[in-house]
Amino acid sequence: VNNHKSNNCIGSQTNLFGLSGKTRLSDLKIGDKILTYNRYTGELSMSTIYWIRVHEPTIHYKIETSSEDSFNLSPHHLVILESNDYKETCQIKVGDRLLSSGNESIVTKISMVEDTAMSPIVLDGTVVTPNSTILSCWSHDKDNADKMDSLMELIASYKNNYSIIQLSNIIESFYESFLENDKDTKMIPTILSQLNIPIVCK
């Protein structure tokens, strides 16, 4: 777990669904498994956390839903609507229908709280709350989400070649270089080369 000067993700006090049931994000660590949702196949699975990026404390939107879920999200974190479209948290309104793997999840209340944003890195790019609301792991816009999803595909190609800790260190080093290159996906082969990471063919 590493601290970074940014503030966009899921609040640390948000409960997710782990192997022992309801688990606070702040209690999770690299190697733990949490429930995730594949937006392309519709499948739920218990997925490994390969890295956790910890951001600075900041103001979050506390969103409560009709399914009795409650979660904290930073202003520019992406929310997945029932229509499968994205919307930034700061644009969410009471009555919005959120993507859910169970009972319908309709926003019933929005308030402001202070929390520490954390980014759990899982291959599906989503996490699931105890009452089935599906949360994105990404922020800002669909373009950024698509880039991050492509990185998850890259990570998937390495998961059988390295231990979880080795992969976590690779992800951290890679992501920092990726940020320095303005998340230009054309730079991925160059970054891998600079980090002496072999390109793995799927």
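Buried residues have under 20% relative accessible area and exposed residues over 50%, with partly exposed in between (1.4 Å probe, protein chains only). Y162 is partly exposed at 24% relative accessibility. Y158 is buried, with a relative accessible area of 4%.

The model is predicted: local features need pLDDT of at least 70, side-chain atom pairs count only at pLDDT 80 or more, and totals for chains, interfaces and linings use all residues. Residues are numbered from 1 along each chain as its sequence is written, and side-chain values use heavy atoms, with hydrogens and water left out.

Aromatic pairs were assigned from ring geometry. Rings of Phe, Tyr and Trp (its six-membered ring) pair if their centres lie within 6.5 Å; planes under 30 degrees apart count as stacked, over 60 as edge-to-face and the rest as tilted. The count by this rule is three aromatic pairs. The ring centres of Y158 and Y162 are 6.1 Å apart and their planes stand at 35°, so this pair is tilted.

Secondary structure follows DSSP. Helices (H or I, at least four residues) and strands (E, at least two) are DSSP runs, numbered from the N terminus. Strands pair if DSSP finds at least two bridges between them. Strand 3 (residues 15-18) and strand 4 (residues 21-24) run antiparallel and are joined by four bridges. The two strands form a hairpin, with two residues between them. L16 has T23 of strand 4 as its bridge partner. Strand 3 has two faces: L16 and G18 lie on the covered one, N15 and F17 on the uncovered one.

F17 also contributes to a surface patch. Together with L19 and M46, F17 makes a nonpolar surface patch of about 280 Å². Patches are made of residues with over 30% relative accessible area and no salt bridge; like charges are joined within 9 Å, nonpolar side chains (Val, Leu, Ile, Met, Phe, Trp, Tyr) within 5 Å. Accessible areas come from the Shrake-Rupley method with a 1.4 Å probe; for residues, only the protein chains shown count as cover. M46 sits in strand 6 (residues 44-48). M46 is partly exposed, at a relative accessible area of 30%.

Another methionine, M112, lies in strand 12 (residues 105-121). M112 counts as partly exposed at 46% relative accessibility.

Seven salt bridges are present. A salt bridge is a side-chain nitrogen of Lys or Arg within 4 Å of a carboxyl oxygen of Asp or Glu. One of them joins the side chains of R53 and E176 (3.6 Å, N to O). This pair links distant parts of the chain: R53 is in strand 7 (residues 51-65) and E176 in helix 2 (residues 164-180), 123 residues apart. R53 is buried, with a relative accessible area of 8%. E176 is partly exposed at 25% relative accessibility.

R97 takes part in a network of salt bridges with E82 and E104. The R97 and E82 side chains meet at 3.0 Å, N to O. R97 lies in strand 11 (residues 97-98) and E82 in the loop between strand 9 (78-80) and strand 10 (86-88), so the pair ties together parts that are 15 residues apart in sequence. The R97 and E104 side chains meet at 2.6 Å, N to O.

N144, in helix 1 (residues 142-156), is buried at 9% relative accessibility. A polar contact is a pair of N or O atoms within 3.5 Å; within protein, one must be able to donate a hydrogen and the other to accept it, and residues adjacent in sequence count only if both atoms are side-chain atoms. The N144 side chain reaches the backbone oxygen of S139 at 2.9 Å. A polar contact of 2.7 Å also joins the side chains of N144 and K183.

Backbone angles give two further entries. Most residues other than glycine have a negative phi. E68 is not a glycine, yet has a positive phi of about 65°. E68 is placed in the loop between strand 7 and strand 8 (70-73), and is exposed, with a relative accessible area of 70%. N84, also not a glycine, has a positive phi of about 80°. N84 is found in the loop between strand 9 and strand 10, and counts as partly exposed at 32% relative accessibility.
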